[in-house]
Amino acid sequence: MSAAAARRTRRRTAAAVLRTRRAENRAHRDATTRVKVSDYLTGLGMPTEDIDRYGSWAGRYIVSEYRTAHHGHEPRKTRKRTAPCKGHPNGRWIKVNVYRITDPALPAGAGTYKRTAPFVAAAFTTAA
């Protein structure tokens with residue numbers, strides 16, 4: 001076997017190993033449940049009108065807690081379509097943060113914001 005053929009074989013083997021690792025990581029990543037702030041607040045029992053009104057600020061408090069807990073790293077992003085409005089009859093796509101449902105930044109951040117704190121307190125006192 002020539003040197004070039006040996007290099008090709010090593011590269012193909014390394015590429016196959018890398019593909020396998022990526023597939024395993026993807027399966028693990030997709031197995032974890034991720035939620036948007038609006039979904040989390042809905043789960044706490046907050047009315048939809050209040051989520052539309054205060055959800056953005058709650059998200060800012062939650063992302064601040066997330067950055068503190070994760071050494072300044074940003075949470076994952078996803079896209080969300082907004083409701084139709086003037087100039088955007090079909091709504092528009094915006095980027096929003098998503099968090100693992102078990103992430104402690106969700107209750108900590110929502111608990112520090114005065115508009116969402118009563119819902120967090122109620123959810124955790126009834127669960128305890």
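Two strands pair if DSSP finds at least two bridges between them, and helices (H or I, at least four residues) and strands (E, at least two) are themselves DSSP runs, numbered from the N terminus. This is a predicted model, in which local features need pLDDT of at least 70 and side-chain atom pairs count only at pLDDT 80 or more, while totals for chains, interfaces and linings use all residues. Residues are numbered from 1 along each chain as its sequence is written, and side-chain values use heavy atoms, with hydrogens and water left out.

**View 1**
The C-alpha atoms fill a box of roughly 70 × 45 × 25 Å, taken along the principal axes. The radius of gyration of the chain is 21 Å, whereas a compact globule of 128 residues would have a value near 14 Å; this radius is taken over C-alpha atoms, and the globule rule is 2.2 Å times the number of residues to the power 0.38. Of the 128 residues, 23% count as buried, where buried means under 20% relative accessible area, exposed means over 50%, and partly exposed lies in between (1.4 Å probe, protein chains only).

**View 2. The open sheet of 3 strands, in the order E1-E3-E2.**
The pairing in this sheet is antiparallel, and its edge strands, each of which pairs on one side only, are E1 (34-36) and E2 (76-81). Neighbouring strands are turned by 45 degrees against each other on average, direction ignored; for such angles, axes are lines fitted to C-alpha atoms, for helices over the stretch in contact, and angles run from 0 to 180 degrees between N-to-C directions. Strand E3 (residues 93-100) is joined to E2 by 6 bridges, and 3 bridges join E1 to E3. Arginine 76 has valine 98 in E3 as its bridge partner, lysine 80 stands opposite isoleucine 94 in E3, and lysine 36 stands opposite valine 98 in E3.

**View 3. Threonine 78 in strand E2.**
With a relative accessible area of 30%, threonine 78 is partly exposed. Leaving aside neighbours within four places in sequence, threonine 78 is in contact (heavy atoms within 4.5 Å) with Lys36, Ile94, Lys95, Val96 and Val98. Tyrosine 40 is 38 residues from threonine 78 in sequence, and the two are 15 Å apart in space, C-alpha to C-alpha.

**View 4. Helix H2 (residues 37-44), lying across E1, E2 and E3.**
The helix runs at about 85 degrees to E1. Its buried residues are Val37, Ser38, Tyr40, Leu41 and Leu44. Seen down the axis of H2, these buried residues fall within an arc of 160 degrees, so they line one face of the helix; the arc is that of the directions from the helix axis to the C-beta atoms. Serine 38, which has its place in helix H2, is buried with a relative accessible area of 16%, and, not counting residues up to four places away in sequence, serine 38 touches Ile51 and Lys80. Just after H2, glycine 45 takes a positive phi of about 95 degrees.

**View 5. Histidine 71, in the loop between helix H3 (48-69) and E2.**
Most residues other than glycine have a negative phi. The phi of histidine 71, however, is near 55 degrees, a positive value in a residue other than glycine. At 74% relative accessibility, histidine 71 counts as exposed.

**View 6. Helix H4 (residues 105-112) and its buried residues.**
In this helix, Ala105, Leu106, Gly109 and Ala110 are buried. Seen down the axis of H4, these buried residues fall within an arc of 115 degrees, so they line one face of the helix.
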